[in-house]
Amino acid sequence: MFKIGLTGGIGSGKSRVADMLGEWGASVIDTDEIARALTAAGGGAMDAIEREFGPDALTPAGALDRDWMRERAFADAQVRLRLEAILHPAIGLETERQAEAARGAYLVFVVPLLVESIARWRDRVDRICVVDCDPDTQVARVRARSGLTDSAIRRIMAAQAARASRLEVADDVIDNGGATSPAHLRAQAKILHDRWLALAASTGRQAPGLAGTPE
């Protein structure tokens, strides 16, 4: 299948774009959703996380205590690396399983840290699409949906690739800054969707019967 790597900083709106692409017929694999499933109560990573970090890392229901982990992971890079050593292999396996089962017009991998792991992804996707957003808008969006403080949000942003680094590797860019209306965001996504359909068809890697999709 023709493959897109979709990325963007926290609060950029990449999940909204991914939902649109899925609505129009793409198969979407969201690595954040996979991570959430792995760290939910009974999730496949929870036994290893409890062994590594102890019971304090779990909520009373048995899920990963995200606030507890976030506080430690952004204060100590080694904590983050220990967590990643558990999660990344499991996320990779589930991503591959879902990719093998995908039957959409083309395949979209939603990867928040794609640029940070560019060596792993550059040869796995045909195009990298960045959903771009100015930092102040990122902070405002994340604050509104999560209740995190501005300083906590900016610590998360600082641990992600710089905006310039994301744009440097982008084959396609969708502008979702503060001045972008929902209609303009959708129009940009539709233009790229149609372009990717054409590229998928030209390479012989488009799902049968999907020469075009409705608005």
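Reader: A polar contact is a pair of N or O atoms within 3.5 Å. With that in mind, which residue caps the N-terminal end of H2?

Author: This is a predicted model. In it, the cap of H2 is Asp-30, with a side-chain oxygen 2.8 Å from the backbone nitrogen of Asp-32. That distance is within the 3.5 Å limit.

Reader: Which residues of helix H2 are buried?

Author: Helix H2 covers residues 31-38, and its buried residues are Thr-31, Ile-34, Ala-35 and Leu-38. Viewed along the axis of H2, these residues fall within an arc of 100°, so they line one face of the helix.

Reader: What covers the buried residues of H2?

Author: The cover includes strand S2 (27-30) and strand S3 (107-110), together with helices H3, H4 and H5.

Reader: Let us turn to H4. Which residues are buried there?

Author: Trp-68, Met-69 and Ala-73 are buried in H4. Down the axis of H4 they span an arc of 115°, so they too line one face of their helix. Asp-67 and Glu-71, on the other side of H4, are exposed.

Reader: What covers the buried residues of H4?

Author: H3 and helix H5 (77-101) are among the elements that do.

Reader: At the start of H4, what does the side-chain oxygen of Asp-65 reach?

Author: The oxygen comes to within 3.3 Å of the backbone nitrogen of Asp-67. Asp-67 is also one of the exposed residues of H4.

Reader: At roughly what angle do the axes of H4 and H5 cross?

Author: They cross at roughly 130° and come within 7 Å. The two helices are therefore oblique to each other. From H4, Met-69, Arg-72 and Ala-73 meet Ala-77, Val-79, Arg-80 and Leu-83 of H5.

Reader: Where is Pro-55 placed?

Author: Pro-55 is in the loop that runs between helix H3 (46-53) and helix H4 (66-73). With 59% relative accessibility, Pro-55 counts as exposed. From Asp-32, Pro-55 is 23 residues away in sequence and 23 Å away in space, C-alpha to C-alpha.

Reader: A new topic: which residues of H1 and H10 make the contact?

Author: The axes of helix H1 (residues 14-23) and helix H10 (residues 182-202) come within 10 Å and cross at roughly 50°. On the H1 side the contact is made by Arg-16, Val-17, Met-20, Leu-21 and Glu-23, and on the H10 side by Leu-185, Arg-186, Ala-189, His-193 and Trp-196. H1 and H10 are therefore oblique, and their crossing is right-handed.

Reader: Is Asn-176 buried or exposed?

Author: Asn-176 has 4% relative accessibility and so counts as buried. It lies in the loop between strand S5 (172-175) and H10. Beyond its neighbours within four places in sequence, Asn-176 contacts Ser-12, Gly-13, Val-131, Asp-132, Cys-133, Arg-141 and Leu-185. Leu-185 also takes part in the contact of H10 with H1.

Reader: Lastly, what does the side chain of Gln-160 reach?

Author: It reaches the backbone nitrogen of Ile-10 at 3.1 Å. Gln-160 sits in the loop between helix H8 (150-159) and helix H9 (163-169). Its relative accessibility is 16%, so Gln-160 counts as buried. Not counting residues up to four places away in sequence, Gln-160 touches Gly-9, Ile-10, Leu-113, Glu-116 and Arg-166.

Technical notes
Residues are numbered from 1 along each chain as its sequence is written. This is a predicted model: local features need pLDDT of at least 70, side-chain atom pairs count only at pLDDT 80 or more; totals for chains, interfaces and linings use all residues. Side-chain values use heavy atoms; hydrogens and water are left out. Helices (H or I, at least four residues) and strands (E, at least two) are DSSP runs, numbered from the N terminus. Buried means under 20% relative accessible area, exposed over 50%, partly exposed in between (1.4 Å probe, protein chains only). The arc is that of the directions from the helix axis to the C-beta atoms. Contact means heavy atoms within 4.5 Å. A polar contact is a pair of N or O atoms within 3.5 Å; within protein, one must be able to donate a hydrogen and the other to accept it, and residues adjacent in sequence count only if both atoms are side-chain atoms. Axes are lines fitted to C-alpha atoms, for helices over the stretch in contact, and angles run from 0 to 180 degrees between N-to-C directions. Angles under 35 degrees count as roughly parallel, over 145 as roughly antiparallel, 65 to 115 as roughly perpendicular and the rest as oblique. A crossing is left-handed if the near helix is turned anticlockwise from the far one by less than a right angle, and right-handed if clockwise.
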